[in-house]
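Please look over the sequence and the model shown below before reading on.

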Amino acid sequence: MPALPQKPSPDVMSIAFDLIFRKGRSPPSCPAPDDTDLLNRIRDKVQNESPAMCRDALIRVQRLSHDVYEVCGAFRDGEYGTGDEALVTAFSQIRMKCPGLSEEEYRTAFAVGMMWTAF
């Protein structure tokens, strides 16, 4: 029976997250830097991780960027209601779509997503 694929380590996920949400692309449709450049930046910082793990982390965080954009758009449109309950629901949606990040990363992703959807 083949081994199950491993998930990227939290360190690799954090590096990918930083490149997309703190130092990078806005909104997710932005083509620069391209995937190859982003992957090379991740691999430069975590040379002990396999290229497959780095690629998986990048894919997961890029998927998160698209999901955050959609969730923040829905939040702005009032699809989750109003007040604190709406915020809790939006965060739950983001956590469900991309598990395994820190609470700070979820907050950052939401804040960046709100900026992306403001334009």
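With a relative accessibility of 34%, Tyr 69 counts as partly exposed, because buried is used for under 20% relative accessible area, exposed for over 50%, and partly exposed for what lies in between, with a 1.4 Å probe and protein chains only. This is a predicted model, in which local features need pLDDT of at least 70 and side-chain atom pairs count only at pLDDT 80 or more, while totals for chains, interfaces and linings use all residues. Residues are numbered from 1 along each chain as its sequence is written, and side-chain values use heavy atoms, with hydrogens and water left out.

Tyr 69 belongs to helix α3, which covers residues 51-76; helices here are DSSP runs of H or I with at least four residues, strands are runs of E with at least two, and both are numbered from the N terminus. Although Tyr 69 and Trp 116 are 47 residues apart along the chain, their C-alpha atoms are separated by 6.9 Å. Thr 117 lies in helix α5, residues 103-117, and Thr 117 is buried, its relative accessible area being 16%. Leaving aside residues up to four places away in sequence, Thr 117 touches Tyr 69, Cys 72, Gly 73 and Arg 76, where a contact means heavy atoms within 4.5 Å.

Another pairing involves two other helices. Two packed helices are described by the angle between their axes and the distance between the axes. The axes of α1 (residues 10-22) and α2 (residues 35-45) come within 10 Å and cross at roughly 140 degrees, the axes being lines fitted to C-alpha atoms over the stretch in contact, with angles from 0 to 180 degrees between N-to-C directions. Helices α1 and α2 are therefore oblique to each other, since angles under 35 degrees count as roughly parallel, over 145 as roughly antiparallel, 65 to 115 as roughly perpendicular, and the rest as oblique. On the side of α1 the contact is made by Val 12, Ile 15, Ala 16, Leu 19 and Ile 20, and on the side of α2 by Leu 38, Arg 41, Ile 42 and Lys 45.

Turning to the chain as a whole, its secondary structure comes to 5 helices and 0 strands, and the order from the N terminus on is α-α-α-α-α. Of the 119 residues in the protein chain, 39% are buried. Among contacts between residues at least 6 apart in sequence, 62% join residues at least 24 apart.
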